[in-house]
Each structure stands twice: as C-alpha cells, then as structure tokens.
Amino acid sequence: MHEPTFKSLEEIFSVRPTETIAQQPTTPTASETIVALVAEAKAVLAKLENVAATLGTALSPTPAPTSTTVDGVFDGKHMITDDGIVHPVPENYASKSKLVEGDMLQMVSHADGRRYFKQISRVARATVTAILECIDQNSGIAATRNGARYHILHAPLRFFRVTPGDTVTLEIPVDGGTWAAIVGKAGVCYTESRYASPLPHA
C-alpha cells in the first residue's frame, strides 16, 4: 500500500499548532507598592484613632464642680437678691462678721451643694449702747437710751451669754434699720471658741 502522495499541510508549511503560553504574574512597580503600603497605613491609623478616642472618653476625669455666685443685701437674717430671692444666712457667720442690715453679701454655690457667704461691702455704722429687753423665738430685742429698738440674732446672744437686763454695745446702720450687731457686753471679750448653752426663754 502506497504512502499518501501529499503530506499534510502541517508538514508542508511547517505549521505548528499555537502553543498556549501560561501568563506570568505581573510584578507591581515600586510606585504601586508604595501606594498600597500608604493605604494600609492609613487604615491602621484610622483604627488606632478610633480606639484612642474610645479610651479617652472612658478614662477622661470627671469635670470639677462648677460654682455660681450671686449678690444680695443683708436684711438682718437673710440675703435678698435683686430679683427678690431670699437666702438664709447662717447666724454664726452673721454674728462673727458683725453684719448689720444693709450690708452687701455674695453667696458662692458649688455644684456639690456646698455654699458660703462673704461680705463685699459695709453700710455706714454707728456704735451705741442698749439694754436687752427680751428674747423671743425670732430674736432678741434691745432698746437704746433714746428708745430705738433693734433685733439681735440669737447666736451672738448665746456667744456673749446675754440675758434680759444686760447692757450691750451695738453696731447699728446709720441710715436706719431694725437689726443690729452686738459688739460686746461688759466684761466679755469676743475670744471664746464655743457658744454657751441655749438662751433662756423670756
């Protein structure tokens, strides 16, 4: 049997089937690598910032209590502000500061509930002598030689151990008023550290 006269086209023209060339992975350039690293760094930094913000909020100290101040005039027992609000003034403070009616006070209030008063101006005063006439539930009442009567807080009466009939020295407001401060009593100095026992009832 004879061989075929003609050879296949592959043999005649030396045509070879197209070989499949496997694609090689593309190596990124240096600039592409840098861009990728920067993006990763930004992502990590954003996460760290979020964590830091969370920790900062959780660990931040409690703000210090704030305070407010308000001014007012002393009426003998209270501080009254311009808008008519009445604030009781501790008798011990009023007596030790020798407050008289008309003095200007400032009240400092803290957020935790503490508050204190301080004297910011004093009205003109006069010093007189008076006799304590009686002591009631609200105050003591002393009369001067010319018949003027003034209320006195209980705290200084206790401090000086004043009883009805005793003569006391008072500071009174020059421009008029009904409340006065005791400066002293004959034979008693303002140096004792504690008040005496409660006042006897009139």
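Me: Why is Ser-139 counted as buried?

Reply: Buried means under 20% relative accessible area, exposed over 50% and partly exposed in between, with a 1.4 Å probe and protein chains only. Ser-139 has 1% relative accessibility, so Ser-139 counts as buried. The model is a predicted one, in which local features need pLDDT of at least 70, side-chain atom pairs count only at pLDDT 80 or more, and totals for chains, interfaces and linings use all residues. Residues are numbered from 1 along each chain as its sequence is written, and side-chain values use heavy atoms, with hydrogens and water left out.

Me: Where is Ser-139 placed?

Reply: Ser-139 lies in the loop between strand S6 (125-135) and strand S7 (140-144). Helices (H or I, at least four residues) and strands (E, at least two) are DSSP runs, numbered from the N terminus.

Me: What makes the pair of Ser-139 and His-151 a polar contact?

Reply: A polar contact is a pair of N or O atoms within 3.5 Å; within protein, one must be able to donate a hydrogen and the other to accept it, and residues adjacent in sequence count only if both atoms are side-chain atoms. The side chains of Ser-139 and His-151 make such a contact at 2.9 Å.

Me: Which residues is Ser-139 in contact with, leaving aside its neighbours within four places in sequence?

Reply: Contact means heavy atoms within 4.5 Å. On that basis Ser-139 is in contact with Cys-134, His-151, Ile-152, His-154 and Trp-179.

Me: Why is the aromatic pair of Phe-159 and Phe-160 called edge-to-face?

Reply: Rings of Phe, Tyr and Trp (its six-membered ring) pair if their centres lie within 6.5 Å; planes under 30 degrees apart count as stacked, over 60 as edge-to-face and the rest as tilted. The count comes to one aromatic pair. In this pair, Phe-159 and Phe-160 are 5.1 Å apart centre to centre, with 85° between the planes, and the pair is edge-to-face.

Me: How do you know whether Phe-159 is buried or exposed?

Reply: Phe-159 has 2% relative accessibility and therefore counts as buried. Phe-160, at 1%, also counts as buried.

Me: Which residues does Thr-69 touch, not counting those up to four places away in sequence?

Reply: Thr-69, found in strand S1 (residues 67-74), touches Gln-106, Met-107 and Val-108. The C-alpha atoms of Thr-69 and Gln-106 are separated by 6.7 Å, although the two residues are 37 residues apart along the chain.

Me: How many helices and strands does the protein have?

Reply: The protein has four helices and ten strands. Of its 202 residues, 25% count as buried.
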